[in-house]
Amino acid sequence: MNIKDRIKSIKSTQYFKSANLHIHSTCSDGSCDFEELVRQGKDLNLEHMAIADHNTVKGWQNINCKDYSFLIPAVEFDCFYKGTLLHILGYGIDPFNQEILNICAKSKKETQYDIIRLFKSRHPKITIDAIHSAGGIAVLAHPCCCWVINLDKFVKNLKNLGLDGIEVYYPYNRHRSIIKFHSRKHIKDLAQKYDLVMTGGTDEHGTLIKR
């Protein structure tokens, strides 16, 4: 099963319970070691799990996914488009692909600190093309936080650049709840309108827990 079909097969009721596709480790700004998160995911009997560190695939280069069928190799890139900061998730990517490595962080700080990541932001077209080159699909992360008046037009433009999906099942905790500009229902409507794969995850930066 290819990555797009696999994610499409995940039911909305599975997210936060047996599926979590948005997790961060100490390879970027999380507090748990990459291998420890894999162990936690296994202990929780997750069926689909993606550690998507900011601008780096380092953790995935040190683990054999064939040993863990529930894992989905992933990454989250900082991008800047039409005056708006956005994050694009890449799922099912080859962590050794040269085009992906070309746009990955060149220092640890570029995976951790917001201000540095902002100034190192990539264009979404370059990011989406690199994700596709690595065999993956590109997904817009936490879209309710995109600071745009016309989100419909914004998503349509990204779709035209090659965007494959949008994060629909997302809790909007912490600072994300404060800077939320759009409703989750609107996001789901846009996903259906533009035939985008719907994904979800907790954006976990600490220890995994069953929700």
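User: Phe34 and Trp60: buried or exposed?
Analyst: Both Phe34 and Trp60 are buried (under 20% relative accessible area; exposed is over 50%, partly exposed in between, with a 1.4 Å probe and protein chains only). Keep in mind that this is a predicted model, where local features need pLDDT of at least 70, side-chain atom pairs need 80 or more, and totals for chains, interfaces and linings use all residues. Numbering runs from 1 along each chain as its sequence is written, and side-chain values use heavy atoms, without hydrogens or water.

User: How many aromatic pairs are there?
Analyst: The count is 4, taking Phe, Tyr and Trp (six-membered) rings with centres within 6.5 Å; planes under 30 degrees apart are stacked, over 60 edge-to-face, the rest tilted. One of them is Phe34 with Trp60, edge-to-face at 5.0 Å centre to centre and 85° between the planes.

User: What does that pair tie together?
Analyst: Phe34 is in helix H2 (34-43) and Trp60 in the loop between strands E2 (48-51) and E3 (74-81), so the contact links parts 26 residues apart in sequence.

User: Switching to the surface: how exposed is Phe119?
Analyst: Phe119 has a relative accessible area of 67%, so it counts as exposed. This residue sits in helix H5.

Definitions and conventions: Helix = DSSP H or I, 4+ residues; strand = E, 2+ residues; numbered from the N terminus.
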